[in-house]
Amino acid sequence: CMYRATPASGELLVEDWGDTYAVYQRHSGETHLFNYVTMTFLSCVRNDPGSLEVLVTRVAEELEIPTQNAVPSDFLD
């Protein structure tokens, strides 16, 4: 399965509140609260699509944690 950003992701409004990010989707009118890890995942998806395994590896690299500690199933909940 490939994860990719939709065209609507270009219209996201992101407010950085330190350890929390408010992400407003103009298309749906919904607001989501993300932590730093989730925001990093979103940024990776927006930059370049990929499988869950590839994206989790990119997130680990961005967060400077060992890639062997990045578990794809942790991102499925």
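The legends below describe close-up views of aromatic pairs in a predicted model. Residues are numbered from 1 along each chain as its sequence is written, and side-chain values use heavy atoms, without hydrogens or water. Local features need pLDDT of at least 70 and side-chain atom pairs count only at pLDDT 80 or more, while totals for chains, interfaces and linings use all residues.

**View 1. Confidence of the protein chain.** The chain averages a pLDDT of 93 (the predictor's confidence in each residue, from 0 to 100), and 99% of the residues score at least 70. Helices (H or I, at least four residues) and strands (E, at least two) are DSSP runs, numbered from the N terminus.

**View 2. The tilted pair Tyr21 and Tyr36.** The whole structure holds 2 aromatic pairs (ring centres of Phe, Tyr or the six-membered ring of Trp within 6.5 Å; planes under 30 degrees apart are stacked, over 60 edge-to-face, the rest tilted). For Tyr21 and Tyr36 the centres lie 6.4 Å apart and the planes meet at 35°, so this pair is tilted. Tyr21 belongs to strand 3 (residues 20-25) and Tyr36 to helix 1 (residues 36-47), 15 residues apart. Tyr21 is buried at 11% relative accessibility, whereas Tyr36 is partly exposed at 46% (buried is under 20% relative accessible area, exposed over 50%, partly exposed in between; 1.4 Å probe, protein chains only).

**View 3. The stacked pair Phe41 and Phe75.** With ring centres 5.2 Å apart and planes at 25°, Phe41 and Phe75 are stacked. The pair joins helix 1, which holds Phe41, to the segment after helix 2 (52-63), which holds Phe75, 34 residues apart. Phe41 is buried at 15% relative accessibility; Phe75 is partly exposed at 29%.
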